[in-house]
4 protein chains.
Amino acid sequence: MSLNTFGHLFRVTTWGESHGPAIGCVVDGCPPGVPLSEADLQPWLDRRKPGQSRFVTQRQEADQVRILSGVYQGVTTGTPISLMIENTDQRSKDYSNIAEAFRPGHADISYHLKYGVRDPRGGGRSSARETASRVAAGGVARAVLAAVAPEVRISGYMVQLGKLAIDRSRFDAAEIERNPFWCPDAVAAEAWAAHLDQLRKDHNSVGAVVEVVAEGVPAGLGAPLYGKLDQDLAGAMMSINAVKGVEIGAGFAAAGLTGVENADEMEMGPQGLRFGSNHAGGILGGISTGQAVVCRFAVKPTSSILTPRQSVNLAGEAVEVVTKGRHDPCVGIRAVPVGEAMMACVILDHWLLDRGQTGAQRGQLGRPA
Amino acid sequence: MSLNTFGHLFRVTTWGESHGPAIGCVVDGCPPGVPLSEADLQPWLDRRKPGQSRFVTQRQEADQVRILSGVYQGVTTGTPISLMIENTDQRSKDYSNIAEAFRPGHADISYHLKYGVRDPRGGGRSSARETASRVAAGGVARAVLAAVAPEVRISGYMVQLGKLAIDRSRFDAAEIERNPFWCPDAVAAEAWAAHLDQLRKDHNSVGAVVEVVAEGVPAGLGAPLYGKLDQDLAGAMMSINAVKGVEIGAGFAAAGLTGVENADEMEMGPQGLRFGSNHAGGILGGISTGQAVVCRFAVKPTSSILTPRQSVNLAGEAVEVVTKGRHDPCVGIRAVPVGEAMMACVILDHWLLDRGQTGAQRGQLGRPA
Amino acid sequence: MSLNTFGHLFRVTTWGESHGPAIGCVVDGCPPGVPLSEADLQPWLDRRKPGQSRFVTQRQEADQVRILSGVYQGVTTGTPISLMIENTDQRSKDYSNIAEAFRPGHADISYHLKYGVRDPRGGGRSSARETASRVAAGGVARAVLAAVAPEVRISGYMVQLGKLAIDRSRFDAAEIERNPFWCPDAVAAEAWAAHLDQLRKDHNSVGAVVEVVAEGVPAGLGAPLYGKLDQDLAGAMMSINAVKGVEIGAGFAAAGLTGVENADEMEMGPQGLRFGSNHAGGILGGISTGQAVVCRFAVKPTSSILTPRQSVNLAGEAVEVVTKGRHDPCVGIRAVPVGEAMMACVILDHWLLDRGQTGAQRGQLGRPA
Amino acid sequence: MSLNTFGHLFRVTTWGESHGPAIGCVVDGCPPGVPLSEADLQPWLDRRKPGQSRFVTQRQEADQVRILSGVYQGVTTGTPISLMIENTDQRSKDYSNIAEAFRPGHADISYHLKYGVRDPRGGGRSSARETASRVAAGGVARAVLAAVAPEVRISGYMVQLGKLAIDRSRFDAAEIERNPFWCPDAVAAEAWAAHLDQLRKDHNSVGAVVEVVAEGVPAGLGAPLYGKLDQDLAGAMMSINAVKGVEIGAGFAAAGLTGVENADEMEMGPQGLRFGSNHAGGILGGISTGQAVVCRFAVKPTSSILTPRQSVNLAGEAVEVVTKGRHDPCVGIRAVPVGEAMMACVILDHWLLDRGQTGAQRGQLGRPA
């Protein structure tokens with residue numbers, strides 16, 4: 001039963017609406033004795049924060065995270081960590097018309113049909129603002145990983161904006177932090193900027209594909225069958241607002257491969273087991289292999305656009321909907337730090353779960369020296 | 001905590017290995033008073049059964065399902081339904097070499113690294129044989145849906161084999177049951193047969209894409225945020241053996257769409273709310289809208305092939321692996337009934353969950369007459 | 001996996017330490033459309049609030065509860081309800097010595113042994129202050145019950161203080177609110193006051209027994225086997241600070257009864273099924289029968305006392321511990337509203353769960369007219 | 001959501017009815033590499049088996065347990081362990097009258113009211129026969145504990161039959177296996193035999209109190225707040241058929257103690273921390289202290305008796321019920337191995353959970369040498 005909670009042992013429960021007094025989450029199951037402060041979490045929130053370029057929503061939120069429990073004298077105590085972020089720049093009047101009419105492609109209508117009542121201000125619970133809580137929780141997960149599995153490194157970036165994909169031959173990790181798109185291809189980033197400027201002028205929006213990679217993940221994380229690492233990653237990424245598809249390793253391209261092509265051949269290298277390729281995306285049978293865990297997800301275009309669309313209102317009448325307010329023309333951009341946060345939470349959760357069940361003692365290859 | 005269980009309220013726990021005495025599952029949370037017999041479940045198992053064409057494994061399993069509990073005088077009692085399928089055609093000697101060497105692209109190696117010990121016969125727990133239990137559980141879910149939500153209709157089929165996709169303009173639902181590929185395009189089915197025959201001669205295998213559609217799903221199923229309907233579908237499909245990607249509605253193609261294109265416009269029709277398109281795949285904000293729920297997943301090529309591949313063995317030595325035994329050249333084919341079963345379980349689970357939380361009373365559009 | 005969460009469908013996650021900035025909880029799974037405001041919750045918190053008589057801790061806390069999410073325009077939205085209570089009267093200096101030495105009979109030592117680190121101020125996470133969050137969550141549960149099952153009435157009271165039990169023949173429900181002990185026997189209440197005054201002079205404390213009764217609970221709540229109503233009540237009550245025993249109906253006295261005595265005979269009355277007695281405490285086989293649900297729990301004496309006790313400190317040295325600070329001489333008193341809150345949460349949780357699984361359609365006795 | 005499952009990480013799902021073809025359970029989350037065979041489990045089942053003295057039901061069941069999965073070449077593989085026990089001595093005709101009339105004090109009526117339908121043969125799902133599955137699961141838990149925490153020793157025994165309690169001064173652990181009551185007091189055992197013989201002649205039954213002790217439990221197991229060790233023990237014991245009360249350590253007697261009396265004073269002994277008494281029953285704040293974990297539970301008298309009792313039938317008519325069939329005159333006797341099994345499962349579950357969250361590194365007292 002996890003209406004608003006994810007995770008097995010490292011569990012995150014989020015709460016809050018876009019225009020309520022605050023949003024936040026409770027992080028439970030955190031190991032004790034891990035150094036943690038608000039200053040450790042804030043940089044992750046700052047990466048996701050709105051208003052940092054002309055390509056994202058102009059809402060101005062400080063996104064200051066407060067730790068309300070679970071940390072004493074700078075270390076985690078093993079008890080629940082309550083994190084709260086106050087909402088400060090709500091402009092609810094912008095949404096007065098949305099309360100009555102349903103934006104096509106938006107959760108307005110499904111919330112209404114399910115609950116009969118909803119907070120329409122800024123999208124309420126369905127707003128991507130909720131993802132700030134995920135990023136805060138991901139910051140906790142990263143702090144724990146730094147303590148228990150420091151070899152794990154998580155990196156997210158955009159690989160496609162609209163129909164414009166990066167050129168993998170130009171992939172440069174150093175570029176990721178240099179442009180407003182978390183784009184590892186400097187040439188693509190320029191094309192994306194021009195494309196997105198045009199879309200904004202056209203009162204339109206666009207989708208994107210985000211890739212998140214976790215390197216240094218130890219072999220043995222994941223638990224078949226239904227606690228698979230890829231299953232939980234798929235669920236975690238699909239739970240992010242606007243995500244419509246998730247793939248691991250070769251993903252949908254694997255459908256077009258033969259078994260000969262897809263086989264990631266193995267050999268023993270100086271550091272142990274080594275793979276000749278990584279079509280598997282670091283996961284076989286739901287369990288990590290020690291290779292990099294590679295996950296991609298597709299983000300649909302923002303549904304809140306200035307171009308009029310046909311819809312209905314509460315009274316069941318036909319209406320034309322135009323969404324004012326401050327919206328991301330490509331929500332994929334700010335989904336990058338969110339995807340990283342979900343990866344961090346899932347990896348840590350399975351790390352703890354595996355330590356619980358197996359004691360994290362690994363099967364050997366060859367005889368110990 | 002769901003190592004080998006899935007579902008919130010309608011929960012399925014599976015057990016068993018490919019060459020153990022039996023496999024099975026326990027279905028918990030089933031509503032009482034639903035007519036159910038072994039004869040209701042067997043047809044679904046027969047659809048997944050091996051040995052039904054030259055394109056699937058030649059293992060001969062009767063796949064006779066037995067109901068051991070939870071049904072009395074032909075109706076469910078609300079208590080756990082234990083389902084068991086005996087394994088009858090194990091040929092474990094075929095796998096003697098696999099116990100020592102690791103097939104590239106197979107869960108052999110990850111199980112070994114995690115557990116240190118595993119049942120190598122027929123792939124043990126990681127074998128696709130486990131999916132018979134899912135199909136049995138899906139049969140229970142279908143029986144319940146027939147009682148509580150008879151308007152729900154679930155249909156699965158293959159839309160791509162290797163690089164050969166169907167032509168949507170030739171889509172004919174009646175074709176699905178007429179060819180060994182569950183292919184809705186008769187022309188594509190012929191091309192697939194030729195392609196797969198060649199691959200088998202080449203000691204090779206290939207991937208596929210499966211689509212599962214649920215029509216008649218009431219609006220309001222799903223629970224943000226982390227009990228989203230699409231999140232649970234993504235997890236459920238990704239948990240199927242060999243699946244590497246999942247998408248909902250437009251899926252990855254949504255990344256290439258603009259907001260204007262992607263908006264599923266709404267109007268009131270004679271039967272109530274009506275959508276002009278279904279890029280959303282029937283789910284907005286994690287909650288069903290009343291449109292058809294559309295899910296696709298990518299299946300990688302079978303890793304057990306007769307072409308030699310480089311690998312290592314338990315002793316850490318380099319070896320060449322050739323997999324004999326009886327394997328599906330395209331596991332995507334038999335994944336079709338499995339995908340349907342998972343869809344049935346997820347839809348029913350959320351139907352029950354929604355009834356629990358909201359009483360299944362829907363928000364209105366317009367004033368009741 | 002529920003480290004800091006209880007409930008199946010109506011789930012409560014609490015967080016916070018006694019002397020941190022705040023405590024609170026997230027209530028998930030709440031039905032939508034239920035009228036709810038802070039004013040609905042505050043009276044329950046006021047009943048539990050410290051400082052209301054000389055028999056409870058003199059800590060002065062306003063215990064003002066704030067609703068941070070999940071309520072819009074005065075009704076629940078079905079999304080998580082975040083409740084926060086700020087801590088205002090911490091006097092952490094009182095506890096400086098406790099940080100180093102372990103109080104006998106207190107969770108200080110077990111937290112230290114498990115986590116290696118803990119917040120010692122006011123007992124940190126193990127403080128009974130956490131129960132304010134339970135009372136707030138119980139207030140939400142009561143508001144929902146008032147909407148969906150208004151016939152449910154929950155009442156708690158003390159039936160024993162130290163060795164002094166009430167006389168059941170003097171039971172008067174109207175007395176419960178008239179004395180500082182929630183005691184239904186006015187004579188006993190006087191004796192308790194005298195006894196407790198003496199204990200306070202003696203720098204001592206004492207235990208108690210609390211009874212909580214839920215009338216009007218519909219038949220059919222609870223789910224064997226391991227979602228039994230009595231099982232969940234037992235867990236819920238045992239989770240309250242200082243509780244050492246829980247019983248249902250006749251409880252431990254049932255051990256001394258014969259089958260003839262213990263049988264609650266049945267007959268059909270004008271309102272339907274009627275029982276001649278209620279040894280079962282309203283629960284048979286883990287499922288409610290329609291009779292009053294009766295639960296009792298034993299609370300141990302406060303471990304924080306002014307009488308010196310032998311103990312050890314962090315350095316492993318022998319020390320004498322005297323606990324200053326402001327403590328309840330009988331924590332059983334303030335456990336009454338807490339027990340009521342847990343009863344409300346458990347009953348509602350099972351009400352929702354039953355509606356989900358069975359649709360709350362009851363088996364009939366006799367033929368419908 | 002745990003209708004028929006208990007445990008966090010070591011999870012047990014039971015299934016089956018008294019007179020169905022079989023009963024059983026799935027044990028999930030078991031560590032890999034633990035030696036386990038049917039021969040390891042059978043002795044525990046033999047202890048619970050019916051028909052072993054004139055004081056228990058004369059039903060003859062071999063209670064042969066089969067391992068259907070999760071064990072390979074004599075060791076656990078970390079995958080689900082499916083255990084099955086065939087029912088062989090059903091005499092369903094004995095129950096033909098029970099299908100129509102409701103036994104007072106029995107789950108017949110509550111199952112009917114909840115589900116509308118039930119398997120009445122032998123009590124169906126509500127039969128104590130289900131506890132054989134618990135004992136089998138407990139056998140798995142014991143095997144794992146023997147591997148990971150061999151210092152844990154679990155022992156159960158009866159301390160009261162009807163109103164006849166043991167004399168603690170005559171407590172002799174060696175006596176427990178010498179009489180049909182698991183009674184540690186040889187004198188009391190004789191009195192119980194006479195008392196029970198008389199009750200059987202009188203067509204009556206009687207209740208009992210069982211105590212289960214786990215010695216050698218490491219400090220640090222349990223997780224506040226709502227994964228408390230005592231909370232989970234309370235739930236686990238209360239879930240056993242006919243149990244009406246559970247207490248830890250001093251239990252209800254703690255209500256009558258003062259804080260001075262109840263304080264378990266501490267000192268450092270040669271083996272580390274040592275307590276002067278154990279009123280706490282080995283648990284403080286929900287976390288084990290390293291002392292013996294002491295739990296007691298009260299079992300009500302068997303409701304199936306030969307003395308006529310007033311009741312109603314399906315048609316809502318008044319009837320007199322006399323229960324033939326083969327029943328335990330004191331179900332408390334066979335509850336002893338069941339209580340031990342639940343203790344083993346709960347302890348192991350928390351052992352694994354603690355290893356997962358904290359790595360089982362304990363807080364120190366004093367400086368390491």
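The model is predicted, so local features need pLDDT of at least 70 and side-chain atom pairs pLDDT 80 or more, while totals for chains, interfaces and linings use all residues. Residues are numbered from 1 along each chain as its sequence is written, chains are lettered from A in the order written, and side-chain values use heavy atoms, without hydrogens and water.

A:Arg48 lies in helix H1, residues 38-48 of chain A (a DSSP run of H or I, at least four residues, numbered from the N terminus). Show its contacts (heavy atoms within 4.5 Å): leaving out residues up to four places away in sequence, they include A:Asp63, A:Thr131 and A:Arg334. Its side chain also reaches the backbone oxygen of A:Ala128 at 3.5 Å.

Next, select A:Arg54, in the loop between H1 and strand S4 (65-67). A:Arg54 is partly exposed, with a relative accessible area of 44%. Beyond four places in sequence, A:Arg54 touches A:Ala193, A:Asp197 and A:Arg200.

Both arginines are listed by UniProt under "binding site", in an unreviewed entry; such annotations may be inferred rather than shown by experiment.

Now show chains C and D. Rotating chain D by 180 degrees, with 0.0 Å of shift along the axis, superposes it on chain C (RMSD 0.0 Å), by least squares on the C-alpha atoms of residues with pLDDT of at least 70 in both. That is the relation of a two-fold axis. Finally, select D:Gly235: in chain D, its C-alpha is the nearest to the axis, 2.4 Å from it.

Notes:
Helices (H or I, at least four residues) and strands (E, at least two) are DSSP runs, numbered from the N terminus. A polar contact is a pair of N or O atoms within 3.5 Å; within protein, one must be able to donate a hydrogen and the other to accept it, and residues adjacent in sequence count only if both atoms are side-chain atoms. Buried means under 20% relative accessible area, exposed over 50%, partly exposed in between (1.4 Å probe, protein chains only).
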